[in-house]
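My notes follow the order in which I looked.

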Amino acid sequence: MSTRSAATGASSTPVPANAVPAGAGRNLALATIGFTVNFWAWALLGPLGPGVKERLGLSFAAQSLLVAVPVVVGSIGRIPVGALTDRFGARIMFPAVSLATIVPVLTLAYVSSYPALIITGLFLGIGGTAFAVGVPLVSGWYPPAKRGFAIGVFGAGMGGTAISNFTTVKLADTYGQKTPFMLVAAILAAYAVVAFLLIRDAPNRQRPAGSAWQRTADVGRLPVTWQLCLLYAVGFGGFVAFSVYLPAYLRTAYELSANDAALRTAGFVILAVIARPTGGWLSDRFHPVPVLVWCFSGTAVFAVIQAFQPPLMPVATIAFLGMSALLGAASGAVFALVGKVAPADKVGTVTGVVGAAGGLGGFVPPLIMGWVYGVENSYAIGLMLLSDVALAAAVYTAVKMGTVGRPKTD
């Protein structure tokens, strides 16, 4: 029933609590593009790693360090960038992160020594912090009932790593070694201008009090922050681990060519990217906790199957694609939960801490898998450990987090 204003006599209908405000779609699109472009830049060293290894005569350990440096810095850097986003908003931080990433991208076009590449890779990690800028922007624009899907759509920007893998070497071979860096730098510059002109922070954005350090310390005292870190380290960390280690696994276990292994890994990444919004949508519909329980349980089952190294077609392919879809959906569900439980003025800070846990979580499994294979000449133990971790995460989520993010009832 409508009400009438005593002064004007005009009718007014209350705005539904789940209504999406005008401008939300534009800001979601701009955030997703920014995440994709910055992740494209962040992943530039990965595809070039084998070529650099051959040119400089590096060991596998040295090559791994070169590729890992931007990822580690980008993961840890999400903590301060998330806190700064809470303070200054995405309209300032998206252009700032994009412009800062241009410098190391252009530098990569001209440096060739290993120490110079390592130092440049440290600054290239800035591109990986864009994730902590976009989540609070999207969370502010979308109501809780639709926030999970929106954050999942934004999270699909991690497909920028796939763009990098598909294009970097091909562009360098076809148009010259500097081409991929010049192209990415130009796109980053163009995006920074567009973001500053068109991105708008949510009308109800709350500006937090205190310093970035103080806000980070505050969210560190919230038990739910560390619970979310654990879940994201398993979900997104598992995805990162397979995207990094799967080519080597496929070449060793199934004797595939380098190109075939790379294409299958790209398929794994793309499916996870597609599944991430699905995990957010399911979280909106059923709540994130049951979605996470099912995703982690399914991952545990597929990891056990793969531990027996079944034939590549069709069993192993189904197992890896199943894990890809479930880990991608779990990543989306974790940040749907962040949108429900994080204080409104600390979403960026919580996102930074949780995002750092996910990025860093991706480097433990490959190290364990490599070490176990070196000792036992088998991947079975490593995959069984993955299954145990995923099952433990499912049980913990079901038992300890069943009421997290749900309305309290008397």
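The entries below go from the whole chain to single residues.

**Basis.** I am working with a predicted model, in which local features need pLDDT of at least 70 and side-chain atom pairs count only at pLDDT 80 or more, while totals for chains, interfaces and linings use all residues. Residues are numbered from 1 along each chain as its sequence is written, and side-chain values use heavy atoms, with hydrogens and water left out.

**Overall.** I find 18 helices and two strands in the protein, both being DSSP runs numbered from the N terminus (helices H or I, at least four residues; strands E, at least two). The radius of gyration is 22 Å, which agrees with the value near 22 Å for a compact globule of 410 residues; it is taken over C-alpha atoms, and the globule rule is 2.2 Å times the number of residues to the power 0.38. Along the principal axes, the C-alpha atoms fill a box of roughly 80 × 50 × 35 Å.

**Helix α1.** I looked up how α1 (residues 24-42) meets α7 (residues 131-141): their axes come within 10 Å and cross at roughly 170 degrees, where axes are lines fitted to C-alpha atoms over the stretch in contact and angles run from 0 to 180 degrees between N-to-C directions. That makes α1 roughly antiparallel to α7 (over 145 degrees). Ala24, Asn27, Leu28, Ala31 and Phe35 of α1 make the contact with Phe131, Leu137, Val138 and Trp141 of α7 (contact meaning heavy atoms within 4.5 Å). The axes of α1 and α8 come within 8 Å and cross at roughly 35 degrees. Here Leu28, Ala31, Thr32 and Phe35 of α1 touch Ala150, Val153, Phe154 and Gly155 of α8.

I then turned to the second largest pocket, with a volume of about 460 Å³, the volume being the space filled by probe spheres set on grid points joined across faces, edges and corners. A pocket is an open set of points on a 1 Å grid over the protein atoms alone, where a 1.4 Å probe fits, with protein on both sides within 12 Å along at least five of seven lines; lining residues have an atom within 4 Å of a point. Of its 26 lining residues, Ser139, Gly140, Trp141, Arg147 and Asn204 are the closest to its centre. Helix α7 gives the most to the lining, with five residues.

**Backbone.** The peptide bond from Met313 to Pro314 is cis, with omega near 0 degrees, and Pro314 lies in helix α15. Glu255, in the loop between α12 (223-254) and α13 (258-286), has a positive phi near 55 degrees.

Technical notes: Parallel < 35°, antiparallel > 145°, perpendicular 65-115°, else oblique.
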